Amino acid sequence: MICTQDEVRYGMVDLDLLEELSLPDDLGLLAQETRLWTPAVCGALLLKSDEIGFLDPQGGLEVARETVRMVDNIAGSYVRGAEKTLLKSRAFAVLGSRLRGTARLKESDLAYTLACGLSWGAPPLDVADLLRRRGLLRVNQRQFKKARMLENRALYICRREADEHLAGCVLLARGDTYFEDHRSREAIRDYAAAAHMIDPKRCFISHYGAVHNLSAALVRNAASAEEIAAAVEQIQQAKEIGFKEDTLPGLALVWLEGSLLEKIDHEDEAEAAYRTAGDGLVAIGAPYEVALVRLDLAALLCRQGRFEELVEVAAEMFPLFATFRANREVMTGLRLFHSAAVDRQVTLELISKVRAMIQRAARKVD
């Protein structure tokens with residue numbers, strides 16, 4: 001669609017006003033400013049939803065939901081291939097990602113189904129991005145083969161359209177699929193390629209994701225001195241990107257560093273990293289991550305025979321989940337861990353079992 005100069009200028013004014021808003025806090029103001037309900041603003045909001053969701057999953061979800069509502073109020077009808085139709089498809093695709101990011105997997109699947117239903121006539125790269133996003137949901141659902149099928153289709157489109165950046169984003173997603181499927185070598189290959197291909201100016205969070213996830217894969221796979229050195233170097237590169245330790249990505253790096261320190265038998269430093277990461281995750285309200293990092297700490301204490309401290313670690317998890325929408329599986333796992341800690345019966349096998357229960361629960365919060 002060709003825009004007139006007046007329309008372009010008006011769109012720029014809209015976007016300038018949008019930049020003055022503090023999202024998601026100012027969503028109420030945005031809802032009242034009906035003159036901002038334009039395709040340009042909605043497109044910008046979808047980008048912001050992804051950006052915000054990286055540090056604030058719930059905030060990103062709120063922005064995506066409001067944008068879906070705004071698109072409905074844009075002039076025009078839902079006709080196959082029309083601008084409004086394709087914008088709604090993109091909005092549902094982003095909403096699906098943000099729902100996935102808050103572990104609402106059934107709702108996420110529905111949003112992607114709606115996005116696909118509206119995507120007829122969409123530009124090829126929009127189709128590729130939708131396939132990429134849907135593939136990540138399949139990873140959460142532990143459907144790794146289906147995820148790779150979607151990602152490989154997306155990668156084919158990106159290469160055909162010669163978009164290296166988006167191809168890198170797809171490789172990042174496929175790396176996640178391999179990583180969660182415990183295929184670290186393939187994950188390292190795809191993450192390394194993604195870190196090289198993704199343009200940080202186009203999507204900073206995807207570039208950082210590739211750098212961080214490559215760090216995680218290298219840590220998991222590190223066995224030789226050379227591989228450990230590569231993991232240390234990659235973690236340092238991720239740190240230099242600049243997320244502070246009071247953010248989820250910054251704390252995830254501290255946690256990851258603890259895993260590497262434990263692997264090379266620097267147990268005191270590993271314990272300090274786990275405690276720092278856990279305390280920080282409590283402060284920002286990330287309960288599942290807190291539980292998992294505390295279980296890493298518990299495994300370390302268990303190996304050292306520090307059973308009194310295991311009771312303390314187990315006890316502090318209950319208040320954390322008491323006011324959170326935790327499902328029965330989480331509470332069952334935590335009670336199992338706490339009872340074993342009190343009876344001095346904690347084993348590494350039990351910790352691994354409880355971890356698996358919490359990880360499953362985190363994927364199906366609906």
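This is a predicted model: local features need pLDDT of at least 70, side-chain atom pairs count only at pLDDT 80 or more; totals for chains, interfaces and linings use all residues.
Local features need pLDDT of at least 70 and side-chain atom pairs count only at pLDDT 80 or more, while totals for chains, interfaces and linings use all residues. Residues are numbered from 1 along each chain as its sequence is written, and side-chain values use heavy atoms, with hydrogens and water left out.

**View 1. Helices α12 and α13 side by side.** The axes (lines fitted to C-alpha atoms over the stretch in contact) of α12 (residues 225-241) and α13 (residues 248-263) come within 11 Å and cross at roughly 165 degrees. That makes the two roughly antiparallel (over 145 degrees, with angles running from 0 to 180 degrees between N-to-C directions). Helices here are DSSP runs of H or I, at least four residues, numbered from the N terminus. Contact (heavy atoms within 4.5 Å) involves, among others, Ile-228 and Ile-235 of α12 and Leu-253 and Leu-260 of α13.

**View 2. Lys-239 meets Glu-257.** Here's a salt bridge at 2.8 Å, N to O (a side-chain nitrogen of Lys or Arg within 4 Å of a carboxyl oxygen of Asp or Glu). Lys-239 sits in α12 and Glu-257 in α13, 18 residues apart. Lys-239 is partly exposed at 35% relative accessibility, and so is Glu-257 at 27% (buried is under 20% relative accessible area, exposed over 50%, partly exposed in between; 1.4 Å probe, protein chains only).

**View 3. Asp-50 and Arg-98 pair up.** Their side chains form a salt bridge at 2.5 Å, N to O. Asp-50 lies in α3 and Arg-98 in α5, so the pair ties together parts 48 residues apart in sequence. Both residues are buried. They also belong to a salt-bridge network with Asp-129, Arg-132 and Arg-133.

Notes:
Angles under 35 degrees count as roughly parallel, over 145 as roughly antiparallel, 65 to 115 as roughly perpendicular and the rest as oblique.
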